[in-house]
Amino acid sequence: MLVENQVALQPHNTFGIAARARKLIRVQDVAALQAFMATPAWSAAVAESLPFVLGGGSNLVLTGDVKPLVLKVEIGGRQLVEDTDKGWVVEAGAGEPWHRFVAWTLDHGWPGLENLALIPGSVGASPVQNIGAYGVELQDRFHSLDAIDLKTGQSFTLDAAQCGFGYRDSVFKHTPSDARSFGLAGRALITRVRFFLPKPWKPVLGYLDLERKMQASGNQAPNARQIFDWVVDIRSAKLPDPALIGNAGSFFKNPTVTAEQCADIIAREPKVVHYPMADGSIKLAAGWLIDACGWKGKSVGNAAVYEKQALVLVNRGGVANPCTGGEVMTLAKAIQTSVYERFGIRLEPEPVVI
Ligand code: EPU
């Protein structure tokens, strides 16, 4: 396998931050990678630390050059694996772009992923943070995945329970020393992901923005393609297209508080946007909290808070003069401090920072 040296990572992260990988391997073939893992060249490349797995780079803040070996996942392929009375199982290589995969399933008449349209990134990254939007989370449609253990080179398969999905969370974000016993952060390279799309298809339309689309269009019984188009419209209106303005999607998770904490905040801030959860806790809209602190449009260097959605931090310098990871993190910390001082809530960043 070809080990490339000093590779520019700017085209490989959606923030468009300029950094280099000291060494990078493009992984297109699982067997070739496993064979390479048995060679002295591999042992030398990973002598200092385990490699860093790079998917679509859509949930990443680079604060400097990447010293560990970078494995750029480019495994392709999409196929229908199973078609039964209960549903379809579809599979994609980890390097397939997520949105193209969603569109492909709909083109073939296999609905179920339409609410997750236009999410940047790759199929392989989708289970890592359990992507979610407009009332559907990846875990609702997940079947299983294949991965390689980066320590041993062994392949393994995980089902949904083994992935330990939570809100923007999975076993792939935790180290074994975390409270969970089975952490795989840094340890696994996801190669293929399978999705279960149940029959009969049922639309998920409970999200406010989708209800508004239904009312505005007068279409009370949309098909999956219509929902896909609506989600594309909604996202395009409020989220920046990373091809035009660098960003990593929502920069913070929506925080969860107890009913008592929420009542306390509402007493002081009656307009706070909040959603009751099934377990009795309350989720607050982090974008609203940040917006209320006056952050829209503010910047540190070339890192800025997006004007149309305060939860998104953007690169205002484009390709020629990009923001640095340091500027992004300084801005993020200032936002965290101001939200904490006003609401007593600690915001947790969503992207991986390296
Ligand atoms: N809001 C404001 N000001 C802002 C931003 C939001 O007042 O600047 C208010 C909105 O008016 C709305 C509420 O906050 O009442 C929630 O905003 P929105 O509907 O845009 O959703 P979100 O909670 O900000 C989450 C996900 C998004 C996902 C959308 C739709 C997280 C961290 N983010 O955003 O996911 O697309 O819901 O389901 O859960 C991502 O993870 O990268 C992402 C984009």
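Which residues make a nonpolar surface patch of about 360 Å²? Y207, L208, Y275 and M277 do, and they open this set of close-ups of a predicted model.

**View 1. The nonpolar patch made by Y207, L208, Y275 and M277.** Y275 sits in strand β15, which covers residues 274–276, while M277 belongs to the loop between β15 and β16 (282–284). With a relative accessible area of 37%, Y275 is partly exposed; M277 comes in at 33% and is also classed as partly exposed.

**View 2. What M277 touches.** Leaving aside residues up to four places away in sequence, M277 is in touch with I282 and K283. For a sense of scale, pick out G109: it is 168 residues from M277 in sequence, and the two C-alpha atoms are 32 Å apart in space.

**View 3. Where domain 1 meets domain 2.** The chain splits into domain 1 (4–73), domain 2 (78–198) and domain 3 (246–353). Looking for salt bridges between domain 1 and domain 2? The count is 0.

**View 4. The E4–R26 salt bridge.** The structure has 17 salt bridges, and this one joins the side chains of E4 and R26 at 2.9 Å, N to O. It ties together distant parts of the chain, with E4 in strand β1 (residues 4–8) and R26 in strand β2 (residues 20–27), 22 residues apart. E4 is partly exposed at 22% relative accessibility, and R26 is partly exposed at 28%. E74 joins in too: E4, R26 and E74 are linked in a salt-bridge network.

**View 5. The D264–R268 pair in helix α7.** Here D264 and R268 form a salt bridge, with 3.8 Å between the closest N and O atoms. Both residues lie in helix α7 (residues 259–268), 4 residues apart, or about one turn of the helix. D264 is partly exposed at 45% relative accessibility, and R268 is partly exposed at 44%.

View 6. The side chains of E96 and R100 meet in a salt bridge at 4.0 Å, N to O.

Terms used
Residues are numbered from 1 along each chain as its sequence is written. This is a predicted model: local features need pLDDT of at least 70, side-chain atom pairs count only at pLDDT 80 or more; totals for chains, interfaces and linings use all residues. Side-chain values use heavy atoms; hydrogens and water are left out. Patches are made of residues with over 30% relative accessible area and no salt bridge: like charges are joined within 9 Å, nonpolar side chains (Val, Leu, Ile, Met, Phe, Trp, Tyr) within 5 Å. Accessible areas come from the Shrake-Rupley method with a 1.4 Å probe; for residues, only the protein chains shown count as cover. Helices (H or I, at least four residues) and strands (E, at least two) are DSSP runs, numbered from the N terminus. Buried means under 20% relative accessible area, exposed over 50%, partly exposed in between (1.4 Å probe, protein chains only). Domain bounds come from an automatic or database domain assignment. Contact means heavy atoms within 4.5 Å.
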